[in-house]
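Please keep the sequence and the structure in view while reading.

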Amino acid sequence: MQKLQSLDYLVFLFYFIVVAGYGYWIYQRKKTKEASTTDFFLAEGSLTWWAIGASLIASNISAEQFIGMSGNGFSMGLAIATYEWMAAATLLVVGIFFMPIYLKNRIFTMPQFLNQRYNTTVSLIMAVFWLFLYVLVNLTSILFLGALAVSTISGIDFTVCMIGLAIFAVIITVGGMKVIGYTDVIQVFFLILGGLATTYLAMDLVSQEFGVEGITSAFGTMLDKSADHFHMIFHEGNPNYMALPGLTVLIGGMWIVNLNYWGCNQYITQRALGADLKTAREGILFAAFLKILMPVIVVLPGIAAYTLYQKGLFQMEMLEGGELNQDRAYPVLLNLLPVGLKGLSFAALTAAIVASLAGKANSISTIFTLDIYKKYIEQNADEKKLVWVGRVTIVIAMILAIVISPYMGIDKKGGFQFIQEMTGLVSPGVFAAFILGFFWKKTNSAGALFAIVGGFLLAFSMHNNWLPGTDWTAVPFLDRMGIVFLICVAVMIALGLWQPSDKGLKIDASMFKIKGTFAIGTVIICTIITILYTVFW
């Protein structure tokens, strides 16, 4: 395969200078004389709606989408886009119902919510859970998949790629949330522009190989030659049913995945927690529109690669260790880009990786500093000391990720699916604790503790098939998540009725009213999603 050329490196260098230079300018322009934790961790009041929306997407889209989701596009087709399109709907729910509760109750971190609504035990346990999850699964997987892709495309040593990506992310992250938020706007620009360039190339290759003209004709050819890759709903018996089990993607476990990720996840909600409600909602709406677009960038290239593979292309390039590796689809396409354009797409991939690393590292830093260090290690630490601890935590987390990530392994389900299943061990119980904590005043600390700890143990036991009664490995993981969630809710309701809590949050119906741009945008997005699922059912 042809590696990066001098012009590609110049394009990438331009991207690096623009992002680093703009980040430094933002840092100098917006820094305050006195270090502030709300300023460092939340950029309180300084992020605009477009910065919030862009930062949400930049933090979300990473190597797991570009590499992992394109790989799933190659293996299962458009159905994997349900994670993106259902996320758009989920963002609207978060904007309407979750964000007003957080902002009304002055909640800045997720453990803070658990402490305010339940008690310090629940908060501490969850803080430790999140730190382990963010470092051992999310940060390491982003770094591993990212370095693997960068190394495959550039030919640079894997370890050097890991260290380089980590250092780049640390440079952005230590500037605080303001620098992350505003540099993410540039990251998203490169991400979308470079991603669309790769999609265009993939479609153009299809048109050339099948003797048709134009992108529209190429898409029609893909619909014809890879018809099995354009169904959103899999029926039982389909080889991909275990990953996306039928209507569960519309009315079951997929909602738990998305609502927990977008509504109860520190490194996502953190982008909007420092803004007023109107700005936060408009930022979330912008992110929802971008999520509608994402499958064009991260799924269609995988389907195009599959179509070309079926015709006999990439037979050797898609192999790893003598076996077909779906996660090689996107790097293989990138290596076919012309000089210069490859540098742009390489920059887009790097932007996605670095932005996600920075977002995760900042959230790890926020939770450790505000919810563990300040409460249990040095309660009298001043703002300057806490910001310093936050920066040190960022560096330590990144070093741990570099050390751990080569040993994590990615199983044969592909990187994206691996991350979803690992995160899914924690999601049902955490979401149960949050959703009942929001909307049912009687929910008590015992119920929340059962949901978080018991839910994890239950999901882990099912994952390893330790529970009697059925072969849990034969049950799709999204369905297992739904079962664990319902068990957690049932136990929480029973405990709440037995010993009601009186620590409800400040909530009134007027908080959930929507109007103006957000209301119009909500209708448009819901209409688009309905049409997409109707057309590709």
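**Confidence, core and salt bridges**

Over the protein chain the mean pLDDT is 84, and 91% of the residues reach 70 or more. Where pLDDT is low, the predicted coordinates should not be read in detail.

This is a predicted model, in which local features need pLDDT of at least 70 and side-chain atom pairs count only at pLDDT 80 or more, whereas totals for chains, interfaces and linings use all residues. Residues are numbered from 1 along each chain as its sequence is written, and side-chain values use heavy atoms, with hydrogens and water left out.

The interior comes next. A nonpolar core is a set of buried Ala, Val, Leu, Ile, Met, Phe, Trp, Tyr and Cys residues joined through side-chain atoms within 4.5 Å; buried means under 20% relative accessible area, exposed over 50%, and partly exposed in between (1.4 Å probe, protein chains only). The largest such core has 175 residues, and Leu-244 and Phe-434 have the most contacts inside it. Helix H7 (residues 120-154) supplies the largest share of this core, 16 residues. Leaving aside neighbours within four places in sequence, Phe-434 is in contact (heavy atoms within 4.5 Å) with residues including Tyr-102, Trp-130 and Cys-264.

How many salt bridges does a search of the whole structure find? The search finds three, a salt bridge being a side-chain nitrogen of Lys or Arg within 4 Å of a carboxyl oxygen of Asp or Glu. In one of them, Lys-291 pairs with Glu-84, the closest N and O atoms being 2.7 Å apart. This pair links distant parts of the chain, 207 residues apart: Lys-291 lies in helix H14 (residues 277-298) and Glu-84 in helix H5 (residues 82-104). Both Lys-291 and Glu-84 are buried.

Helix H14 also holds Glu-282 and Lys-278, four residues apart, about one turn of the helix. These two form a salt bridge, with the closest N and O atoms 2.7 Å apart. Glu-282 counts as buried because its relative accessibility is 16%, whereas Lys-278, at 57%, counts as exposed.

Notes
Helix = DSSP H or I, 4+ residues; strand = E, 2+ residues; numbered from the N terminus. pLDDT = per-residue confidence, 0-100.
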